[in-house]
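Work through the exercises below with the sequence and the model open. Each solution goes step by step.

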Amino acid sequence: MKKSIGITPNIETLFGTRDENVRVLEDGLNVTIDLRANAVELEGAARDVARAEQVFIDYESLRRSGYTFNNGDLNSMLRVLTADPTATLRGLADASRQRSLGRRMVQPKSVNQRRYVEAIEKHDMVFGIGPAGTGKTYLAVAMAISALLAKRVNRIILARPAVEAGERLGFLPGTLQDKIDPYLRPLYDALYDMLDPEKVDRYLEKNVIEIAPIAFMRGRTLNDSFVILDEAQNTTSEQMKMFVTRLGFNSKAVITGDVTQIDLPNARRSGLLEAIDILKRVEGLTFVHFDESDVVRHHLVQRIVRAYDEHRAQIAEQQMLLLSGGKNADAAGVGGLRHAGSTDSEDESRKVSGD
(Lines give C-alpha, C1' and ligand atoms only; values in the text may rest on other atoms or scores of the structure.)
Protein backbone atom coordinates (compact mmCIF):
# COMPACT_ATOMS: atom_id res chain seq x y z
CA MET A 1 0.00 0.00 0.00
CA LYS A 2 1.14 3.53 -0.80
CA LYS A 3 -0.03 6.71 0.90
CA SER A 4 0.93 10.30 0.15
CA ILE A 5 0.83 12.96 2.90
CA GLY A 6 0.96 16.66 2.06
CA ILE A 7 3.92 18.56 3.52
CA THR A 8 3.27 21.39 5.96
CA PRO A 9 5.87 24.02 6.91
CA ASN A 10 8.56 22.71 9.31
CA ILE A 11 7.38 19.09 9.05
CA GLU A 12 10.95 18.21 8.07
CA THR A 13 11.97 18.70 11.72
CA LEU A 14 10.25 15.37 12.39
CA PHE A 15 12.93 13.67 10.31
CA GLY A 16 15.67 14.48 12.83
CA THR A 17 19.42 14.88 12.39
CA ARG A 18 20.55 13.01 9.26
CA ASP A 19 17.04 11.51 9.04
CA GLU A 20 17.64 9.39 12.16
CA ASN A 21 13.95 9.55 13.13
CA VAL A 22 12.92 8.34 9.68
CA ARG A 23 15.16 5.31 10.06
CA VAL A 24 13.57 4.53 13.45
CA LEU A 25 10.11 4.63 11.88
CA GLU A 26 11.12 2.64 8.81
CA ASP A 27 12.83 -0.10 10.82
CA GLY A 28 10.23 -0.19 13.61
CA LEU A 29 7.08 -0.02 11.47
CA ASN A 30 8.35 -1.87 8.37
CA VAL A 31 7.52 1.00 6.04
CA THR A 32 9.41 3.03 3.44
CA ILE A 33 9.31 6.81 3.87
CA ASP A 34 10.24 8.97 0.89
CA LEU A 35 10.32 12.78 0.95
CA ARG A 36 9.05 14.27 -2.31
CA ALA A 37 8.92 17.90 -3.45
CA ASN A 38 5.53 18.58 -1.89
CA ALA A 39 4.63 15.37 -0.06
CA VAL A 40 5.84 12.48 2.04
CA GLU A 41 5.20 9.07 0.49
CA LEU A 42 4.64 6.05 2.75
CA GLU A 43 4.77 2.49 1.47
CA GLY A 44 4.17 -0.79 3.29
CA ALA A 45 1.40 -2.97 4.76
CA ALA A 46 -1.86 -1.10 5.30
CA ARG A 47 -1.67 -1.33 9.09
CA ASP A 48 1.95 -0.15 9.22
CA VAL A 49 1.29 2.73 6.84
CA ALA A 50 -1.68 3.80 8.98
CA ARG A 51 0.51 3.90 12.10
CA ALA A 52 3.21 5.89 10.30
CA GLU A 53 0.60 8.31 8.98
CA GLN A 54 -0.74 8.80 12.51
CA VAL A 55 2.77 9.78 13.65
CA PHE A 56 2.85 12.59 11.08
CA ILE A 57 -0.67 13.72 12.04
CA ASP A 58 0.16 13.72 15.77
CA TYR A 59 3.43 15.54 15.22
CA GLU A 60 1.74 18.29 13.23
CA SER A 61 -1.00 18.63 15.86
CA LEU A 62 1.51 18.82 18.72
CA ARG A 63 3.68 21.34 16.88
CA ARG A 64 0.68 23.59 16.20
CA SER A 65 -0.33 23.44 19.88
CA GLY A 66 3.12 24.73 20.89
CA TYR A 67 4.63 21.47 22.11
CA THR A 68 8.44 21.49 21.97
CA PHE A 69 10.60 18.38 21.68
CA ASN A 70 13.94 18.76 23.47
CA ASN A 71 17.23 16.84 23.66
CA GLY A 72 16.30 13.82 21.59
CA ASP A 73 12.87 13.41 23.21
CA LEU A 74 11.22 12.84 19.84
CA ASN A 75 13.66 10.08 18.94
CA SER A 76 13.03 8.40 22.31
CA MET A 77 9.26 8.63 21.84
CA LEU A 78 9.48 7.11 18.37
CA ARG A 79 11.55 4.20 19.67
CA VAL A 80 8.95 3.49 22.36
CA LEU A 81 6.15 3.92 19.83
CA THR A 82 7.62 1.44 17.35
CA ALA A 83 8.21 -1.13 20.11
CA ASP A 84 4.71 -0.81 21.61
CA PRO A 85 1.77 -1.18 19.15
CA THR A 86 -0.58 0.51 21.63
CA ALA A 87 1.49 3.70 21.92
CA THR A 88 0.87 6.91 19.99
CA LEU A 89 3.04 10.00 19.67
CA ARG A 90 0.30 12.22 21.15
CA GLY A 91 -0.21 9.84 24.07
CA LEU A 92 3.50 9.78 24.89
CA ALA A 93 3.75 13.57 24.61
CA ASP A 94 0.71 14.13 26.85
CA ALA A 95 2.16 11.76 29.46
CA SER A 96 5.44 13.70 29.39
CA ARG A 97 3.55 16.96 29.95
CA GLN A 98 2.02 15.54 33.11
CA ARG A 99 5.48 14.64 34.43
CA SER A 100 7.00 18.06 33.83
CA LEU A 101 9.96 19.07 36.00
CA GLY A 102 9.75 22.71 35.05
CA ARG A 103 12.64 23.03 32.62
CA ARG A 104 12.41 19.45 31.33
CA MET A 105 10.02 16.51 31.12
CA VAL A 106 10.33 12.89 32.19
CA GLN A 107 10.67 10.97 28.94
CA PRO A 108 11.15 7.16 28.98
CA LYS A 109 13.57 5.94 26.31
CA SER A 110 12.45 2.29 26.12
CA VAL A 111 9.34 0.18 26.62
CA ASN A 112 10.55 -1.08 30.02
CA GLN A 113 11.30 2.47 31.12
CA ARG A 114 7.77 3.43 30.13
CA ARG A 115 6.38 0.49 32.15
CA TYR A 116 8.54 1.57 35.08
CA VAL A 117 7.28 5.16 35.02
CA GLU A 118 3.67 4.04 34.68
CA ALA A 119 4.14 1.54 37.52
CA ILE A 120 5.40 4.34 39.78
CA GLU A 121 2.29 6.37 38.95
CA LYS A 122 -0.08 3.48 39.67
CA HIS A 123 1.52 1.71 42.65
CA ASP A 124 2.65 2.84 46.09
CA MET A 125 5.75 0.61 46.01
CA VAL A 126 7.81 -0.31 42.95
CA PHE A 127 10.99 -2.37 42.60
CA GLY A 128 13.17 -1.45 39.60
CA ILE A 129 15.68 -4.24 38.97
CA GLY A 130 18.26 -4.33 36.20
CA PRO A 131 21.82 -3.58 35.05
CA ALA A 132 23.68 -0.29 35.21
CA GLY A 133 22.67 2.50 32.87
CA THR A 134 19.00 1.54 32.47
CA GLY A 135 17.71 4.73 34.11
CA LYS A 136 16.33 3.11 37.29
CA THR A 137 17.59 5.77 39.69
CA TYR A 138 17.35 8.72 37.32
CA LEU A 139 13.70 8.09 36.44
CA ALA A 140 12.80 7.43 40.07
CA VAL A 141 14.33 10.77 41.12
CA ALA A 142 12.60 12.49 38.20
CA MET A 143 9.23 11.07 39.24
CA ALA A 144 9.88 12.16 42.83
CA ILE A 145 10.66 15.73 41.76
CA SER A 146 7.57 15.77 39.54
CA ALA A 147 5.42 14.68 42.48
CA LEU A 148 7.01 17.31 44.74
CA LEU A 149 6.54 20.16 42.25
CA ALA A 150 2.91 19.08 41.70
CA LYS A 151 2.45 19.11 45.51
CA ARG A 152 1.41 15.45 45.60
CA VAL A 153 4.05 14.91 48.30
CA ASN A 154 5.70 17.26 50.79
CA ARG A 155 9.23 15.88 50.70
CA ILE A 156 11.62 13.51 49.00
CA ILE A 157 13.81 11.07 50.89
CA LEU A 158 16.69 9.40 49.05
CA ALA A 159 18.45 6.54 50.82
CA ARG A 160 21.39 4.32 49.99
CA PRO A 161 23.32 1.63 51.85
CA ALA A 162 26.84 2.85 52.64
CA VAL A 163 28.56 -0.37 51.57
CA GLU A 164 32.13 -0.29 50.34
CA ALA A 165 33.03 -1.97 47.07
CA GLY A 166 36.52 -2.88 48.26
CA GLU A 167 37.19 0.50 49.89
CA ARG A 168 36.86 1.54 53.54
CA LEU A 169 34.91 4.47 54.92
CA GLY A 170 37.44 5.02 57.68
CA PHE A 171 40.16 6.09 55.24
CA LEU A 172 38.06 9.00 53.97
CA PRO A 173 38.72 12.34 55.67
CA GLY A 174 36.21 14.43 57.62
CA THR A 175 33.11 13.83 59.71
CA LEU A 176 30.73 10.89 59.38
CA GLN A 177 28.60 12.89 56.90
CA ASP A 178 31.72 13.74 54.88
CA LYS A 179 32.62 10.05 54.76
CA ILE A 180 29.12 9.02 53.65
CA ASP A 181 28.56 11.73 51.02
CA PRO A 182 30.67 10.02 48.29
CA TYR A 183 28.31 7.02 48.44
CA LEU A 184 25.31 9.32 47.97
CA ARG A 185 26.86 11.42 45.20
CA PRO A 186 24.88 9.77 42.33
CA LEU A 187 21.67 10.95 43.99
CA TYR A 188 23.00 14.52 44.25
CA ASP A 189 24.04 14.36 40.59
CA ALA A 190 20.54 13.37 39.49
CA LEU A 191 18.98 16.21 41.49
CA TYR A 192 21.33 18.87 40.12
CA ASP A 193 20.73 17.59 36.59
CA MET A 194 16.97 18.13 36.90
CA LEU A 195 16.62 21.25 39.04
CA ASP A 196 18.38 24.59 39.32
CA PRO A 197 21.31 24.27 41.77
CA GLU A 198 19.91 27.07 43.95
CA LYS A 199 16.58 25.25 44.28
CA VAL A 200 18.29 21.96 45.12
CA ASP A 201 20.40 23.65 47.81
CA ARG A 202 17.31 25.33 49.24
CA TYR A 203 15.37 22.07 49.35
CA LEU A 204 18.30 20.29 51.00
CA GLU A 205 18.73 23.06 53.57
CA LYS A 206 15.03 22.93 54.53
CA ASN A 207 14.97 19.10 54.49
CA VAL A 208 12.35 19.13 51.74
CA ILE A 209 14.84 16.79 50.05
CA GLU A 210 16.75 14.52 52.41
CA ILE A 211 19.62 12.26 51.36
CA ALA A 212 20.84 9.77 53.92
CA PRO A 213 22.22 6.25 54.45
CA ILE A 214 19.54 3.63 54.98
CA ALA A 215 20.59 3.26 58.62
CA PHE A 216 19.08 6.71 59.27
CA MET A 217 15.62 5.38 58.31
CA ARG A 218 15.23 3.14 61.35
CA GLY A 219 12.36 4.06 63.66
CA ARG A 220 10.78 6.58 61.28
CA THR A 221 7.32 6.67 59.70
CA LEU A 222 7.38 8.49 56.38
CA ASN A 223 4.07 10.24 55.57
CA ASP A 224 3.42 12.46 52.51
CA SER A 225 6.80 11.43 51.14
CA PHE A 226 8.38 10.03 48.01
CA VAL A 227 11.04 7.60 49.25
CA ILE A 228 13.74 6.07 47.05
CA LEU A 229 16.12 3.32 48.08
CA ASP A 230 19.00 3.13 45.62
CA GLU A 231 21.55 0.29 45.29
CA ALA A 232 19.14 -1.97 47.20
CA GLN A 233 21.13 -5.09 46.27
CA ASN A 234 23.59 -4.04 49.00
CA THR A 235 21.01 -4.01 51.79
CA THR A 236 20.88 -6.85 54.27
CA SER A 237 17.67 -8.75 54.93
CA GLU A 238 17.10 -6.73 58.12
CA GLN A 239 17.69 -3.40 56.38
CA MET A 240 15.28 -4.21 53.55
CA LYS A 241 12.52 -5.30 55.94
CA MET A 242 13.07 -2.13 57.95
CA PHE A 243 12.86 0.07 54.85
CA VAL A 244 9.74 -1.41 53.25
CA THR A 245 7.89 -1.08 56.56
CA ARG A 246 8.64 2.67 56.87
CA LEU A 247 5.98 3.65 54.32
CA GLY A 248 3.36 5.99 55.75
CA PHE A 249 0.14 7.56 54.49
CA ASN A 250 0.08 9.27 51.07
CA SER A 251 3.59 8.06 50.29
CA LYS A 252 5.38 6.20 47.53
CA ALA A 253 8.49 4.06 47.68
CA VAL A 254 10.77 3.05 44.80
CA ILE A 255 13.50 0.47 45.39
CA THR A 256 16.20 0.14 42.73
CA GLY A 257 19.03 -2.34 42.41
CA ASP A 258 21.24 -4.51 40.23
CA VAL A 259 21.43 -8.09 41.50
CA THR A 260 24.62 -8.69 39.48
CA GLN A 261 26.57 -6.10 41.51
CA ILE A 262 26.22 -7.18 45.13
CA ASP A 263 29.06 -5.92 47.35
CA LEU A 264 27.88 -7.54 50.59
CA PRO A 265 30.05 -10.16 52.35
CA ASN A 266 29.40 -13.62 50.94
CA ALA A 267 27.90 -14.81 54.21
CA ARG A 268 25.02 -12.37 54.04
CA ARG A 269 22.19 -12.65 51.55
CA SER A 270 21.09 -9.54 49.69
CA GLY A 271 17.90 -8.01 51.07
CA LEU A 272 16.79 -7.29 47.51
CA LEU A 273 17.04 -10.93 46.43
CA GLU A 274 15.07 -11.97 49.50
CA ALA A 275 12.44 -9.27 48.89
CA ILE A 276 11.93 -10.51 45.32
CA ASP A 277 11.06 -13.95 46.69
CA ILE A 278 8.97 -12.82 49.66
CA LEU A 279 7.02 -9.89 48.18
CA LYS A 280 6.30 -11.10 44.64
CA ARG A 281 2.69 -11.98 45.51
CA VAL A 282 1.93 -8.96 47.70
CA GLU A 283 -0.90 -6.88 46.25
CA GLY A 284 -0.29 -3.15 45.76
CA LEU A 285 3.39 -3.33 44.78
CA THR A 286 5.07 -4.38 41.57
CA PHE A 287 8.43 -5.37 40.08
CA VAL A 288 9.82 -3.96 36.83
CA HIS A 289 12.81 -5.77 35.30
CA PHE A 290 15.26 -4.13 32.89
CA ASP A 291 17.81 -5.72 30.56
CA GLU A 292 20.71 -4.55 28.37
CA SER A 293 18.33 -3.27 25.68
CA ASP A 294 17.23 -0.55 28.13
CA VAL A 295 20.74 0.85 28.66
CA VAL A 296 20.71 4.55 27.78
CA ARG A 297 24.35 5.39 28.43
CA HIS A 298 27.15 5.17 25.86
CA HIS A 299 26.46 2.38 23.34
CA LEU A 300 29.51 0.52 24.69
CA VAL A 301 27.77 0.09 28.06
CA GLN A 302 25.04 -2.00 26.42
CA ARG A 303 27.66 -4.25 24.83
CA ILE A 304 29.60 -4.51 28.09
CA VAL A 305 26.49 -5.53 30.05
CA ARG A 306 25.71 -8.17 27.41
CA ALA A 307 29.29 -9.50 27.55
CA TYR A 308 29.15 -9.88 31.34
CA ASP A 309 25.78 -11.65 31.09
CA GLU A 310 27.17 -14.08 28.52
CA HIS A 311 30.27 -14.68 30.66
CA ARG A 312 28.13 -15.39 33.73
CA ALA A 313 25.97 -17.81 31.72
CA GLN A 314 29.08 -19.65 30.49
CA ILE A 315 30.42 -20.01 34.03
CA ALA A 316 27.05 -21.32 35.23
CA GLU A 317 27.01 -23.84 32.37
CA GLN A 318 30.54 -25.00 33.17
CA GLN A 319 29.65 -25.45 36.83
CA MET A 320 26.60 -27.51 35.87
CA LEU A 321 28.75 -29.70 33.62
CA LEU A 322 31.31 -30.19 36.41
CA LEU A 323 28.58 -31.08 38.88
CA SER A 324 26.92 -33.52 36.49
CA GLY A 325 30.30 -35.01 35.61
CA GLY A 326 31.11 -35.49 39.29
CA LYS A 327 27.78 -37.18 39.92
CA ASN A 328 28.32 -39.53 36.97
CA ALA A 329 31.78 -40.40 38.22
CA ASP A 330 30.44 -41.10 41.72
CA ALA A 331 27.67 -43.26 40.27
CA ALA A 332 30.18 -45.18 38.17
CA GLY A 333 32.39 -45.72 41.20
CA VAL A 334 29.52 -46.99 43.32
CA GLY A 335 28.36 -49.29 40.49
CA GLY A 336 31.88 -50.65 40.14
CA LEU A 337 32.09 -51.38 43.86
CA ARG A 338 28.74 -53.15 43.76
CA HIS A 339 29.87 -55.24 40.79
CA ALA A 340 33.14 -56.13 42.48
CA GLY A 341 31.29 -57.01 45.67
CA SER A 342 28.89 -59.36 43.89
CA THR A 343 31.82 -61.14 42.21
CA ASP A 344 33.57 -61.70 45.55
CA SER A 345 30.36 -63.05 46.99
CA GLU A 346 29.92 -65.43 44.08
CA ASP A 347 33.52 -66.68 44.54
CA GLU A 348 32.89 -67.34 48.22
CA SER A 349 29.67 -69.23 47.45
CA ARG A 350 31.51 -71.34 44.89
CA LYS A 351 34.17 -72.26 47.46
CA VAL A 352 31.56 -73.26 50.02
CA SER A 353 29.64 -75.38 47.51
CA GLY A 354 32.81 -76.99 46.21
CA ASP A 355 32.36 -75.74 42.64
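Two strands pair if DSSP finds at least two bridges between them. Helices (H or I, at least four residues) and strands (E, at least two) are DSSP runs, numbered from the N terminus. The model is predicted: local features need pLDDT of at least 70, side-chain atom pairs count only at pLDDT 80 or more, and totals for chains, interfaces and linings use all residues. Residues are numbered from 1 along each chain as its sequence is written, and side-chain values use heavy atoms, with hydrogens and water left out.

**Exercise 1. Describe the open sheet of 3 strands.**

Step 1. The strand order is S1-S3-S2, and the pairing is antiparallel.
Step 2. S1 (2-6) and S2 (31-35) each have a single partner strand, so one side of each has no neighbour in the sheet.
Step 3. From one strand to the next the twist averages 20°; angles run from 0 to 180 degrees between N-to-C directions, and axes are lines fitted to C-alpha atoms, for helices over the stretch in contact.
Step 4. The antiparallel pair of S2 and S3 (residues 39-44) has 5 bridges. Opposite Leu35 stands Val40 in S3.
Step 5. Helix H2 lies across S1, S2 and S3 and runs at about 150° to S3; contact means heavy atoms within 4.5 Å.

**Exercise 2. Describe how H2 packs against H4.**

Step 1. H2 covers residues 46-64 and H4 covers residues 89-98; their axes are 8 Å apart, at an angle of about 40°.
Step 2. From H2, the residues in contact are Val55, Asp58, Tyr59, Ser61 and Leu62; from H4, they are Leu89, Arg90, Ala93 and Arg97.
Step 3. By class, this contact holds 5 nonpolar, 1 polar and 3 charged residues. Ala, Val, Leu, Ile, Met, Phe, Trp, Tyr, Cys and Pro count as nonpolar, Asp, Glu, Lys and Arg as charged, and the others, Gly among them, as polar.

**Exercise 3. In what order do the strands of the open sheet of 6 strands stand, and which helix lies across S4, S5, S6, S7 and S8?**

Step 1. The order is S6-S5-S7-S8-S4-S9, with parallel pairing.
Step 2. S6 (209-213) and S9 (285-289) are the edge strands, each pairing on one side only.
Step 3. Neighbouring strands are turned by 15° against each other on average, direction ignored.
Step 4. S4 (residues 125-129) pairs with S9 in the parallel sense over 5 bridges; the bridge partner of Val126 in S9 is Thr286.
Step 5. Helix H6 lies across S4, S5 (155-160), S6, S7 (225-229) and S8 (252-257), and runs at about 170° to S7.
Step 6. H6 (residues 136-149) also packs with H5 (residues 111-122), at an angle of about 35° and with axes 11 Å apart.

**Exercise 4. Locate the largest cavity and state what lines it.**

Step 1. On a 1 Å grid over the protein atoms alone, a cavity is a set of points where a 1.4 Å probe fits but cannot get out, and lining residues have an atom within 4 Å of a point.
Step 2. Grid points are joined across faces, edges and corners, and a volume is the space filled by probe spheres set on the points.
Step 3. The whole structure has 1 cavity of 30 Å³ or more, and the largest cavity holds about 40 Å³.
Step 4. Its lining consists of Met125, Leu222, Val227, Phe243, Val244, Arg246, Leu247 and Ala253.
Step 5. By class, that lining has 7 nonpolar, no polar and 1 charged residues.

Methods. On a 1 Å grid over the protein atoms alone, a cavity is a set of points where a 1.4 Å probe fits but cannot get out, and a pocket is an open set with protein on both sides within 12 Å along at least five of seven lines; lining residues have an atom within 4 Å of a point.
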